[in-house]
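Work through the exercises below with the model open beside you. Try each task before you read its solution.

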Amino acid sequence: MRDLTSKKLFPYALLSPALVVTLLIIFVPIIQTAVMSLFHYVIWKPADNRFLGLGNYLQALSDEVFWIALRHTLVWIAGTIVLQLLLGFATALLLNRDFWWRGLARSLILIPWVTPSVITALMWRWMYDGNSGVINDLLVRIGLLDAYFPWLANSSTALGAIMIALMWQGFPFFAIMILAGLQAIPDSLYEAAEVDGATAWQKFSRITLPMLVPILFTSILLRIIWVANSMDVIYIMTGGGPGYATHTLPVYAFIRAYKALDFGYAATLAIYLTLFLVVFVAFYVIKVLRSQENIG
Amino acid sequence: MRRTERPLFRLATLHLPVLLIVGFALAPYIWIFITSLIPEKELFTMGVQYLPAHPSLDNYLRLFSKISFAANITDSLIVAVATMILGLGVSVTASYSFSRFKFRGRNYLLIQFLVINMFPIVLLLIPLFVIMRTLHLLDTHFALIIAYATFTIPFSTWMMTSFFNAIPKELDESALVDGCTRLGAMTRVIIPIAMPGISATGIYIFITAWNEFLYAAILSGTRVRTIPVALQNLIGEYNIAWGLLTSGGVISAIPVIVLFFFIQKRLISGMTAGAVKA
C-alpha cells in the first residue's frame, strides 16, 4: 500500500483498472481485426480459412460496391453535416436572444439528441411510409405531391430522406455548441460596434462569425467523425437498400459481417474506413493537444 | 440590439421560428404517440388519422401480452445498470488521476481515451463477436456489458476529468495537511464534492447503454433481448407491426428523456467547457 501511494506510482495505480480493461477489450480486439483482415475468414466455414496477405484489400479496390459505398459515405457526411449545421446555427442564434420561454425551448430541442437511434429510425420510417405516412399525407394535402411517394424505397430519394432524419437527431448538438460559443463572446464587442454605427449584418459577419470559428471547427470535426461512423439509423431505415442506394462504408462492413458472416472482408472494410477517418482524428488530436498546452 | 422591438416583429422573427424548430423537434414523438393510440387494424384501413377515431390502449396491452416486453425491459435495465457501475467504477479513479497529477505519458494516455471512441464500431464488433463466441458468452448480459464498456469507459473518463478539473487543487492539499492520505483525500474529500458530476456521467452511461442497438443485435438477441433489438425485430420482411412499434417506442423513450432532463445542464457544461476554451 505504501508503494502504491508513493508519489510516483500513485497516479498509475489509479489509472490501472481503466488501462487494463481498455487494453483487454479495445486494443487486443482492434489488433485482432487487423489480423483478421489478412485472412479469408468466414465464421461458419472454418475449414476454408486461409491467409490472404493483402488479398482482401486488393479485392476491395476492385469491388464495385466498395466504391459505391465510399461515394455514398462522402455524400452522406457532407449532406448530413450541412443540414445539421444550418439548422443548429439558426437555432443557436434564436436561443441566444432573450425571451420568456427560452429555458423551456432549449430543453425541448434537446429531445431528438437523446432519442435512441432505433426510435429515431423507426419513427422516421413510419412518417415516410408509402401507404400511411404522415409526410405523404401532408404533402398531398398542401398540393406539393399528386400521390403518395415511397421515399425510402426509391433509390434516388432514400439517402436524402435518411439525411433529414439524421438532421433531426443531430442539429441539437450544433445548437448547443454554437450557443455556448455565442455566449462566450463579450458584449463589449457588440456595444463598441453599435457606437460605430455597425448594421446587424456587419455585427454578424465581423464579430459573431469570426469569434465562432474555433468552436465551429471543433464541432464540425467531431461531427464528421461521428456521422461517418453512424450507421444504425441507416441500417434500420433501409437496411442499406434499395439495392445499394444507402450503402455507406460502415453499413457495407456491417452487412458483410452480420449477414454474410464474412469477417475477413468486413474487417478489411472497417480498416479502410478507419484509414479514411484517421485524417480527421489527427486534426482533432492536434487541436486538443494545443489547447492542453495553453492551459497547462 | 438593445432597442425594444415591436411585438409583432418579435413574434415573426423570434417566437414563431423558435416555435417551428421546437415543433420540428417534437413532431415525430407526437406522431408516434398518436399512432400508438390507434388500433392496429385501423392503421392501414382508415388512412392517416390525425385524431384517433377510436383511441385505445390496445397496442400497449398487446406489447406486454403478445411479445415479452417486460422481459426486454428487465434485460435493458440489467445491462444499463451494470454498464453504469462498471464504467463509473473504473473511470472515477482514472479521471481523478488525470486531473490531479502530472506524470510521464499523461497527455498520451488522455488522448488515447479520446481517440478510441472515434473509430468505427465494426472494428470492435467483429473481434468481440469472435471472442464472446469462443468463450461461450454470446447472448448473455455479460457480453453486452463488456461491449458497452468499450465506449463508456473512455467517454466517462474524459467527462469526469473535466468535472474534477473544476474542483480547486487546494482542497486536496488542505486534506493532506489535515493528515489524510492521498487515497483518503480522494475518497473522502474530492469524490464527494464531485458527486453531482459523477452521477450525471453515470446517468449518461445508463442512457447510452439503454439506447444501444448494434452491439446488442450482434452479441445477443435470443435469450437476452434488450428493447432496441426487440423493437427492431417487429420489422418483418413484408409486415411491420406499427402499433406495437410506436407504443414500444413511446415506453422506451420516456425514461431516457426524463433522466436526461435531470442531467442536461451539467452534461452540457462538461461537454462545451473544453470546446469553448480551445
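**Exercise 1.** In which loop of chain B is the place of B:His136?

*Solution.* First, some ground rules. This is a predicted model, in which local features need pLDDT of at least 70, side-chain atom pairs count only at pLDDT 80 or more, and totals for chains, interfaces and linings use all residues. Residues are numbered from 1 along each chain as its sequence is written, while chains are lettered from A and ligands numbered from 1 in the order in which they are written.

Step 1: find the helices. Helices (H or I, at least four residues) and strands (E, at least two) are DSSP runs, numbered from the N terminus. B:His136 sits in the loop between α6 (121-134) and α7 (141-165) of chain B.

Step 2: check the backbone. B:His136 is not a glycine, yet its phi is positive, about 55°.

Step 3: check the surroundings. A residue is buried if 20 or more other C-beta atoms, placed from the backbone, lie within 10 Å of its own, exposed if 12 or fewer, and partly exposed in between. B:His136 counts as exposed because it has 8 C-beta neighbours inside 10 Å.

**Exercise 2.** Is B:Asp139 buried, partly exposed or exposed?

*Solution.* Start with the place: B:Asp139 is in the loop between α6 and α7 of chain B. Next, the backbone: B:Asp139 has a positive phi of about 65° and is not a glycine. Now count. B:Asp139 has 16 C-beta neighbours inside 10 Å, so it is partly exposed.

**Exercise 3.** Where in helix α1 of chain B does the kink lie?

*Solution.* The bend at a residue is the angle between axes fitted to the seven residues ending there and the seven starting there. Go along α1 (residues 7-36) of chain B: a kink of about 45° lies at B:Leu26, shortly before the proline B:Pro28. Now look at burial in this helix. Its buried residues include B:Ala25, B:Pro28 and B:Trp31.

**Exercise 4.** How many residues of chain A are in contact with chain B?

*Solution.* Apply the contact rule: C-beta atoms, placed from the backbone, lie within 7 Å. By this rule 78 residues of chain A touch 77 residues of chain B. Helix α2 (residues 10-36) of chain A gives the most to chain A's side, with 16 residues.

**Exercise 5.** Which residues of chain A does a cis peptide bond join?

*Solution.* The bond joins A:Gly241 and A:Pro242, with omega about -5°. Then place the proline: A:Pro242 is in the loop between α12 (232-238) and α13 (249-258) of chain A.

Definitions and conventions: Two residues are in contact if their C-beta atoms, placed from the backbone, lie within 7 Å.
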